[in-house]
Amino acid sequence: MKNFLTYYSLTLFFYIIEIIGFFFIYPLWSFDIFWLNAILRLSLVLIFAVVIKKVLFEGTYNFFKKFFSLVIIIPLFTSSFLKILFIFYGDTTNIILLKLLSDIASSLILYIVLRRIS
């Protein structure tokens with residue numbers, strides 16, 4: 001349980017940075033929402049990987065190889081899920097709420113997979 005709380009405390013810190021960045025960049029972004037989300041998520045996930053390796057997964061063999069395989073898949077999943085939510089609810093729902101829903105789903109998937117492969 002302690003690892004779960006530590007993981008989500010770190011996730012929350014990086015996520016707040018991501019949401020703030022998304023909130024300020026989105027109104028200026030002229031490209032597809034998929035790319036904005038993917039670029040922001042990938043950038044912060046790279047930093048996040050170094051931090052959680054040191055804090056939670058220090059003894060995991062080939063952690064970065066495993067993690068970066070997931071990092072490639074998870075942002076694509078999150079961004080695709082956000083795009084689908086936006087298509088269905090974009091005009092009636094706040095984009096930040098849609099982003100939050102897609103990010104929570106992907107975060108849970110990432111944590112479960114990381115725990116199983118470590």
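Tutor: The expected span of a helix (a DSSP run of H or I, at least four residues, numbered from the N terminus) is 1.5 Å times one less than its number of residues. The model is predicted: local features need pLDDT of at least 70, side-chain atom pairs count only at pLDDT 80 or more, and totals for chains, interfaces and linings use all residues. Residues are numbered from 1 along each chain as its sequence is written, and side-chain values use heavy atoms, leaving out hydrogens and water.

Student: How far apart are the end C-alpha atoms of α1?

Tutor: Helix α1 comprises residues 2–25. At 1.5 Å a residue, its 24 residues should span 34 Å, which agrees with the distance between its end C-alpha atoms, 34 Å.

Student: Is Glu18 buried or exposed?

Tutor: Glu18 belongs to α1. Buried denotes under 20% relative accessible area, exposed over 50% and partly exposed in between (1.4 Å probe, protein chains only). Because its relative accessibility is 4%, Glu18 counts as buried.

Student: Which elements cover the buried residues of α1?

Tutor: The buried residues of α1 include Tyr7, Phe14, Glu18 and Phe22. Glu18 has contacts (heavy atoms within 4.5 Å) with, among others beyond four places in sequence, Asn37, Arg41, Lys99 and Asp103. The cover of α1's buried residues includes α2, α3 (63–89) and α4.

Student: How is α2 oriented relative to α4?

Tutor: Helices α2 (residues 33–55) and α4 (residues 95–117) pack at about 40 degrees, with axes 13 Å apart. Angles under 35 degrees count as roughly parallel, over 145 as roughly antiparallel, 65 to 115 as roughly perpendicular and the rest as oblique. Therefore, α2 relative to α4 is oblique.

Definitions and conventions. Axes fitted to C-alpha atoms, helices over the stretch in contact; angles between N-to-C directions. Helix = DSSP H or I, 4+ residues; strand = E, 2+ residues; numbered from the N terminus.
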